[in-house]
Amino acid sequence: HMRPLPASPEVNAEMFDPRPGGTKSRVPLHTRRPRGELPLVGLRHAALFYRDRAEYRARILGFARAGLARGEPSFIAVPGDEARLLRDRLGADVVCSDMADMGRNPARIIPRLRAFIDRFPGQHVRFVGEPIWPGRSPAEICEATRHEALINLAFAPDDVAVLCPYNAARLSPSAIAAARRTHPATADGRATAGQVPAECDQPLPAPPASAEKVPKLSLAART
């Protein structure tokens with residue numbers, strides 16, 4: 001049974017320290033920057049479990065508007081018409097993409113986010129990414145789950161807050177359970193960081209008999 005989500009739309013991004021070994025804090029993370037030339041606080045990667053569209057939009061808009069108020073570059077990638085609706089509400093200062101297109105192959109998501117972060121060196125960046133939604137095939141969900149775990153490695157040195165919405169009312173229990181394992185923080189508790197669920201890390205099956213065999217090329221032939 002899932003506990004109700006807290007009322008504040010900023011609880012995931014500001015009030016919960018998702019770093020391994022961290023603890024809950026009433027001091028917003030963005031105010032606790034270490035000394036040094038760059039204001040780095042590291043990666044914050046949180047899962048947002050929502051149950052209806054009103055809650056979904058309120059939480060994402062609250063997260064994005066808090067970033068806009070601080071001058072933080074923000075990138076939102078959610079599927080379908082939601083990307084357009086959020087863009088209309090937030091304006092041109094927030095980059096919005098249709099995740100159904102951008103994340104059709106989940107392996108494309110991390111390079112797109114990497115390119116966005118690299119445009120703003122030394123700045124805190126916000127990203128909302130919904131890589132798993134109702135209607136995704138089991139194979140797509142498996143790859144997107146692997147992508148979620150890899151975020152913890154790919155952006156560990158970066159000053160970025162990543163918020164990942166999950167439809168708790170319509171996604172399967174296994175998808176929600178996997179999200180709890182791949183996110184260091186959730187709205188209702190702490191998850192183990194950086195794990196790839198075993199069911200998403202199985203060896204590839206043998207190729208079918210009809211598969212075409214391509215001869216190996218030597219290094220000399222490639223150059």
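At what angle do H5 and H6 pack, and how far apart are their axes? The angle is about 35° and the axes are 10 Å apart; the legends below start from the whole chain and return to this pair.

**View 1. Overview of the predicted chain, with eight helices and seven strands.** Helices (H or I, at least four residues) and strands (E, at least two) are DSSP runs, numbered from the N terminus. Of the 223 residues in the chain, 47% are buried (under 20% relative accessible area; exposed is over 50% and partly exposed lies in between; 1.4 Å probe, protein chains only). Among contacts (heavy atoms within 4.5 Å) with a separation of 6 or more, 69% are between residues 24 or more positions apart. The model is predicted: local features need pLDDT of at least 70, side-chain atom pairs count only at pLDDT 80 or more, and totals for chains, interfaces and linings use all residues. Residues are numbered from 1 along each chain as its sequence is written, and side-chain values use heavy atoms, with hydrogens and water left out.

**View 2. The buried residues of helix H5 (residues 109–118).** These are Ile109, Ile110, Leu113, Phe116 and Ile117. They lie on the same side of H5, because they cover an arc of only 125° around the axis (the arc of the directions from the helix axis to the C-beta atoms). They pack against strands E2 (74–78), E3 (94–98), E4 (125–129) and E5 (160–167), and against helices H4 (99–102) and H6 (138–154).

**View 3. The right-handed crossing of H5 and H6.** The helices pack at about 35° (axes are lines fitted to C-alpha atoms, for helices over the stretch in contact, and angles run from 0 to 180 degrees between N-to-C directions). A crossing is right-handed if the near helix is turned clockwise from the far one by less than a right angle, and left-handed if anticlockwise. Ile109, Ile110 and Arg114 of H5 make the contact with His147, Leu150, Ile151 and Ala154 of H6. Five of these residues are nonpolar, one is polar and one is charged (Ala, Val, Leu, Ile, Met, Phe, Trp, Tyr, Cys and Pro count as nonpolar, Asp, Glu, Lys and Arg as charged, and the others, Gly among them, as polar).

**View 4. Helix H7 (residues 173–182) and Thr182.** Ala175, Ile176, Ala178, Ala179 and Thr182 are buried in H7. Their arc is 160° seen down the axis, so they line one face of the helix. The buried residues of H7 pack against strand E1 (44–50), H6 and E5. Thr182 has a relative accessible area of 1%.
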